[in-house]
Amino acid sequence: MLFRLLVGAGLFAFAGPAAAQARYDKASRIFRLDGGDVTYAFKVNASGILQSVYWGKRLPDSAPLAAPELSGLSGFDVATNVVPQEFAGQGGGLYAEPALKVTYPDGNRDLVLYYRDHQIDGDEIRVTLSDLDRPIFVTLTYRIDRDTGVVARSAVIENRSTGDVRLDQVAAAGLTLPVAYDYRLHYSTGRWAAEWTLQERPLRTGATVLESRRGSTGSENNPWFQITRANTTEESGPAWIGALGWSGSWRMSFDQDVTGRVRIVGGFNPFDFAYRLRPGAKLETPMFYVGFSDQGRGGASRLFHRFERERILPRRGGDAPALRKVLYNSWEATEFKVNEAEQLALATRAASLGVERFVMDDGWFGARDSDHAGLGDWTVNPRKFPNGLTPLIDRVKALGMDFGLWVEPEMVNPDSDLFRAHPDWAMQYKGRPRTEGRNQLVLNLARTDVRDHVLKVLDDLLTQNDIAFLKWDYNRNWSEPGWPDADVADQQTIYVAYVRNLYYILDELRRRHPAIEIESCSGGGGRVDLGIMARTDEMWPSDNTDPFDRLQIQDGYTQAYAPGTMMAWVTDSPNWVNQRQTTLPFRFLSAMQGGLGIGTNLNRWGDADMATARYYVASYKRIRETVQHGSLYRLNRENPADARWTNLYVAQDRARAALFTLVGSTHKLDVMPTIQLLGLDPDAVYRIEAMDSTPLPATIPAQATGAYWMNHGVDVTLRGDFVGVGMILTRVR
Ligand code: DGJ
């Protein structure tokens, strides 16, 4: 008989208080984490390997966890491959994706990790593994969030030997889903001005790899995923979700193994990776955050939105992250042609609309008249601002707004004083040409002197000026990522050291200037991830500000990231991206579904436009908490081909909801599907009104119960191209 089939199955039940979040059962050697509506379990198997057991809907405390002892299927697939490992070392006959691959100085590359010991501390389990005989130690951390059940996993690799060890591949975690053949993987792809395109594909044997090799998060893939089953819909069925907290090169691989289990491995990208670990040294991986919902793709998104609000985003003493202010940004209006008088004129008009933050974009510093020069020279351009920034900032503040400024501190133009003084500060291979992108080079932030310089420049800027907000841009990818001054064996640690130093600068700036708010921008949405989100307050998802393209972009973004982190501007029509013409109300209804901004040349708006904008800004302020911190329901998605976007945002206390339905083009005399709302209090009575001043059709009652809005629903008739309507529901009793 060629096959030796599975042997044995351990069965056990946990006893103990339901409140406990993280437990270990000595008899079965099973670890179990419970939080929100999720249970996550793994065990030490009979061979001492850490094996996945369960990740899904929360099980009762008394539920027995089946824990099969797996052996090899045949001589071709030994146990190392068949056992779904929590953190597999490359060795012992492993063909599956490893979490860790090492090379010892003597050429040995065999790594087999066994359980050694563990600690449990509240919601956290720390398990230590080590190689069968070499002193490479791995400490895995599992922390479950008691409200959402999101598990944060990471690993620390430690070299306790007396010689150097090279790490060739290091993941944060390996995860496993049970055997099934109808899994579907959801993720996003993109490029500049076209980020966040949703993709879906079946998960089968053969790896699907999502990654960035570019040194930063990238738009080509974003480091999140969802996995669903055939019976999963927008609001029901299982959905697993995960995202990496890392702003450098990353990779996630998805594969169905020889036994039909889906394996997920995520962490540092092994592309061009090598990390010398000296004796006694440690390397900590990024966090891999993973969640589960049985309420479909919408449920999984809402779980992550909540987790980000409650556990990732910086707070300023309050219960929730600060609400995004309505901002004005000068970029599309003036590009590099900024000066005191014109910025003042824009600020005056912006303030009259109810704008709360005025942001001056690129062009204010050094010899920055185009993208050919100036990056690196962060001193105010005296021709454009003869008296520095203070007169503009003072005036902006007198107008009742706070002041924000654009910076791109990790970059340098070869045509800059900084580069002329320190050509060696840019990333490079000695004696080789450097590829420019947008006429600029990337500073090697991995160098301590560069890190300290960038920190000082920003610290000075914030100390000398009354700046409330930084738009932190990053406009190219890495190339020639050399670090000639470092020891050859350490040069590739640039992939880790750069990002750690970026985080250090952000953390240190926030420590020194606790009130500063920061937007992460990378020519649009090229650096959105949970690592940068923990250190910034908002994200710029795309330079594409066309309001219709944006609906799709925003839909992709909010699969994993909270609407309250996503900035969206009202800009000009026709839009620069595609020359599409849209009405001002349509542009507002699109942009009001995130953190609202205005990025148009306000001097071109007449009185009627200004009045319309004033109305929508006021409406937005009524719903902003609902949109930014509420629960998002994507409604009526049964026919994505008809380019209709209906989104409902329900406040956490269910006292308010904001409903948007926008259409690219209506056809014939087609009747639009009834919009049945979700998430309201069925017994409460809600008043409904349009976000603009127009009365709603007589078929919509002025007020009704939550049950009515959720079961009977709202019928809306729209005719034409790029039309939409926004409605506010307010609980009256
Ligand atoms: C790219 C950003 O995404 C834009 O919003 C703008 O800030 C430009 N850079 C400025 O150079």
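Q: How much area do domain 1 and domain 3 bury between them?
A: About 540 Å², with 43% of it on carbon and sulfur atoms. Buried area here is the accessible area (1.4 Å probe) that two parts lose on being put together, summed over both.

Q: Which residues in domain 1 lose the most area to domain 3?
A: Glu234, Glu235 and Arg302, which together make up 65% of what the domain 1 side buries.

Q: Before I go on, what kind of model is this?
A: It's a predicted model: local features need pLDDT of at least 70, side-chain atom pairs count only at pLDDT 80 or more, and totals for chains, interfaces and linings use all residues. Residues are numbered from 1 along each chain as its sequence is written, and side-chain values use heavy atoms, leaving out hydrogens and water.

Q: OK, how many salt bridges are there between domain 1 and domain 3?
A: The count is one (a side-chain nitrogen of Lys or Arg within 4 Å of a carboxyl oxygen of Asp or Glu).

Q: And which side chains meet in a salt bridge at 2.8 Å?
A: Those of Arg634 and Glu234, N to O.

Q: New topic: where is the cis peptide bond next to Pro574?
A: It joins Ser573 and Pro574, with omega about -5°.

Q: What's the phi of Lys668?
A: Near 45°, a positive value in a residue other than glycine. Most residues other than glycine have a negative phi.

Q: Is Lys668 buried or exposed?
A: Exposed, with a relative accessible area of 74% (buried is under 20%, exposed over 50%, partly exposed in between, using a 1.4 Å probe and protein chains only).
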